[in-house]
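Please read it alongside the structure shown below.

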Amino acid sequence: MLPHLDGAYNLARWLTRNPDDAEDMVQEAYLRAFRFFDTLRSADSRAWLLSIVRNTCYTWLQQNRPGDLAAPFDEDIHSGESDSADPATLALKRASHRMLKEALEELPAEFREVVVLRDLEGFSYKEIAEIAKIPPGTVMSRLARARQRLKELLCNRLKGS
Amino acid sequence: MDCKDAQKLLDSYTDRELDLVHTLEMEKHLRECGACAERHESNQALRSALNDPALYFKAPADLQRKLQSSLRRSIKAEAPARIRVWRWLNAAVPAALAALVILIVVPLLHGPSDDEILRREIVSSHVRSLMAGHLADVVSSDEHTVKPWFAGKLNFSPMVVDLKNQGFPLIGGRLDYIDNSPVAALVYQRQKHYINLFVWPSRSESDADTEMISRQGYNLFHWSKAGMSYWAISDLNRAELQEFTRHIQQLAPK
């Protein structure tokens, strides 16, 4: 069994939003990493391998779908107090996983990846900082805003449905 | 703490990434502020919604096979270059080996201590349980199923508690062999991380304080209490594994 294959595929699938592209990304990342497979069994290697997957995806997105990364997300403008009311917990509990999937896919890539790394893969802030190459403080603020956006997107969908 | 600070730190609180001081301040604030408490609750609802396995894309079955064949092809393509390197190395190897023996092997002849051997056994056993896909012999989150399963297999009866409410659900139990005796291994889960808790009767009567060790990227906590020796190991970060350890210690026989 190749190590960390599920995590690698899950991240690539969320970043590319497409199963075929995700497979290509995983293949390319593993080819890059294969020289170091001996060291791949330890725990930190999961973070390391996923950072290779992430870089592979970003390079590919830049070349093939620059629009995906172009979402101009100025952290200062969007920071903090959005006036929108916090979506009711009950509403969130009603959201189907299809709704959740669509909402998560709609988030800008930088936001999507921190949510995937934290809530789906269970990485710590420190590990996410290393994988996404951002300071730990940014992990914190980005996660907060990503989740807030996600809640808003979900609420819009629930209202629309 | 006011609402502005609380909003900034709320996600770190939900993720258990806050230090103790801020955690206590946050808990106080959440008791007093309805709006922030509501936001915290919706954070938690979102988190458990995201935990839906339907949102996790597992690798397709044939990806493994495709990957292995493309890896093999690329290894073959690299092979000629490696052979040239080997020829060159043939001359250098005897000299290097001699140096190696003097520098590294001689000091190692003393060998690792008994403690170190035990730690390595714990790490190996943990890694093996994950690699072989053999986490549990008895798969159950019910402590009343797991505990009786050990009866007749061990000459002691390990404490088995489910920590689902504390965020560490019990996955099952396994019989393992460490330090030349059969031991109980209890398996817990935290998100994608597994925790092995090894339990066996300790050799000395006295209790030992919690000791924290890191090996090969794994965190280990060890303590002895009431005649039992405990080892918790996981790739989970130190703070969360410590939290797990605390829960076990509170519930274990005193």
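Helix H1(A) is mostly covered, with 10 of its 12 residues buried. The model is a predicted one.

**Helix H1 of chain A**
- The buried residues of H1(A) are Gly7(A), Ala8(A), Tyr9(A), Asn10(A), Leu11(A), Ala12(A), Arg13(A), Trp14(A), Leu15(A) and Thr16(A).

**Nonpolar cores**
- The largest nonpolar core has 49 residues, and Ala8(A), Ala12(A), Val26(A), Val53(A) and Val114(A) have the most contacts inside it.
- Helix H9 (residues 136–160) of chain A gives this core its largest share, nine residues.
- Another core lies apart from it and has 31 residues, among them Val123(B), Val160(B), Ala185(B) and Phe244(B).
- Leaving aside neighbours within four places in sequence, Val114(A) is in contact with Ile128(A), Ala132(A), Val139(A), Arg142(A), Leu143(A) and Ala146(A).

**Contact between chains A and B**
- Chain A contributes 38 residues to the contact and chain B contributes 37 residues.
- On the side of chain A that touches chain B, at least two residues each come from helix H1 (5–16), helix H2 (19–33), helix H5 (89–94), helix H6 (97–106), helix H7 (109–120) and H9 of chain A.
- H9(A) supplies the largest share of that side, six residues.
- By class, the side of chain A that touches chain B consists of 18 nonpolar, seven polar and 13 charged residues.

Conventions
Residues are numbered from 1 along each chain as its sequence is written. Chains are lettered from A and ligands numbered from 1 in the order in which they are written. This is a predicted model: local features need pLDDT of at least 70, side-chain atom pairs count only at pLDDT 80 or more; totals for chains, interfaces and linings use all residues. A nonpolar core is a set of buried Ala, Val, Leu, Ile, Met, Phe, Trp, Tyr and Cys residues joined through C-beta atoms within 7 Å. A residue is buried if 20 or more other C-beta atoms lie within 10 Å of its own, exposed if 12 or fewer, and partly exposed in between; C-beta atoms are placed from the backbone. Helices (H or I, at least four residues) and strands (E, at least two) are DSSP runs, numbered from the N terminus. Two residues are in contact if their C-beta atoms, placed from the backbone, lie within 7 Å. Ala, Val, Leu, Ile, Met, Phe, Trp, Tyr, Cys and Pro count as nonpolar, Asp, Glu, Lys and Arg as charged, and the others, Gly among them, as polar.
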